[in-house]
Amino acid sequence: MKILRYEKEGETGYGVLKGDRIQPLKGSLFGSFTICTEEIPRDEVRLLSPLDPNKLILIGRNYAAHAAEGGKPVPEEPLMFLASPTAVIGPGEIIRLPNLEDRIDHEAELAVVIGKRGKGIPRDRAKEYIFGYTCGNDVSNRILQKKDGQYTRAKSFDTFKPLGPWIETDLDPSNLSVRLTVNGEVRQDGWTEEMIFPVPVLVEAISAVFPLEPGDVILTGTPSGVSPLRPGDEVQVEIEGIGSLTNRVEG
């Protein structure tokens with residue numbers, strides 16, 4: 001099931017995508033909801049980010065080839081950090097570069113949406129706590145990463161976390177194609193099976209530190225091929241079984 005968030009005539013809501021039409025949801029996204037029989041043509045709404053995350057948890061260097069291209073070692077355990085949820089934007093929105101001097105890269109990532117609260121979740125039960133999956137672009141200022149020695153500032157600027165276009169609730173994340181293009185040119189092309197720490201291991205590791213809660217989003221790391229973004233670029237993240245997330249870049 002593909003669940004999206006949309007805006008129509010100034011009102012926002014959640015719905016289920018059925019072909020080129022949307023059936024609105026009534027109730028709580030992470031609780032009890034019903035699917036309405038009403039249908040809205042998709043071209044009559046504007047897609048928003050599929051949710052406003054509660055916490056935005058990022059995983060660094062989770063693909064060996066990406067660690068190597070940055071000259072960094074592969075971590076012995078998941079490298080986790082937080083970014084501000086206010087950086088999230090949706091499909092079709094603009095990634096705004098705060099300056100044109102720093103290197104600011106794209107990072108295509110599988111995003112995990114948590115649907116149930118849990119602490120100390122064993123990896124073999126991780127699926128019970130996952131609501132679904134969406135596409136993410138972890139835009140990152142490399143100069144600030146190096147300067148700070150930690151990543152929160154470099155990854156938390158407004159518009160630096162595109163998510164979308166919707167949440168796919170029925171998906172096996174173990175071996176999905178993850179591809180990113182800039183102006184139609186393939187820059188990143190990997191598979192989730194290449195993750196050093198797969199999704200169930202990440203859920204276990206994170207929840208050992210703090211509770212995972214409904215609406216939390218985990219960005220699971222990026223394949224190799226990151227490169228700088230420039231004003232005028234159109235960047236598209238495509239993940240098998242989910243769809244594609246497209247955003248333009250402005251200075």
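## Strand S12 and its partners

Strands S12 (108-114) and S18 (217-219) run antiparallel and are joined by 3 bridges. Strands are DSSP E runs of at least two residues, helices H or I runs of at least four, both numbered from the N terminus. Two strands pair if DSSP finds at least two bridges between them. Ala 111 has Leu 219 of S18 as its bridge partner. S12 also pairs with S13 (130-137), antiparallel over 7 bridges. There, Val 112 stands opposite Tyr 133.

S12 is largely enclosed by the rest of the structure, because 7 of its 7 residues are buried. Buried means under 20% relative accessible area, with a 1.4 Å probe and protein chains only. Both faces are covered. One side holds Ala 108, Leu 110, Val 112 and Ile 114; the other holds Glu 109, Ala 111 and Val 113.

## Basis of the model

The model is predicted; local features need pLDDT of at least 70, side-chain atom pairs 80 or more, while totals for chains, interfaces and linings use all residues. Numbering starts from 1 along each chain as its sequence is written, and side-chain values use heavy atoms, without hydrogens and water.

## Helix H4

In helix H4 (residues 199-207), 7 of the 9 residues are buried, so H4 is largely enclosed. Among them are Val 199, Leu 202 and Ile 206. The buried residues pack against strands including S12, S13 and S18.

## Asn 62

Asn 62 sits in the loop between strand S7 (56-60) and helix H1 (64-69). Asn 62 counts as buried because its relative accessibility is 0%. Its contacts (heavy atoms within 4.5 Å) include Leu 202 and Gly 221. The Asn 62 side chain reaches the backbone oxygen of Thr 220 at 2.9 Å.

Conventions:
Buried < 20%, exposed > 50% of the residue type's maximum accessible area, 1.4 Å probe, protein only. Polar contact = N/O pair within 3.5 Å; in protein donor to acceptor, adjacent residues only side chain to side chain. Lists of a residue's contacts leave out its neighbours within four places in sequence.
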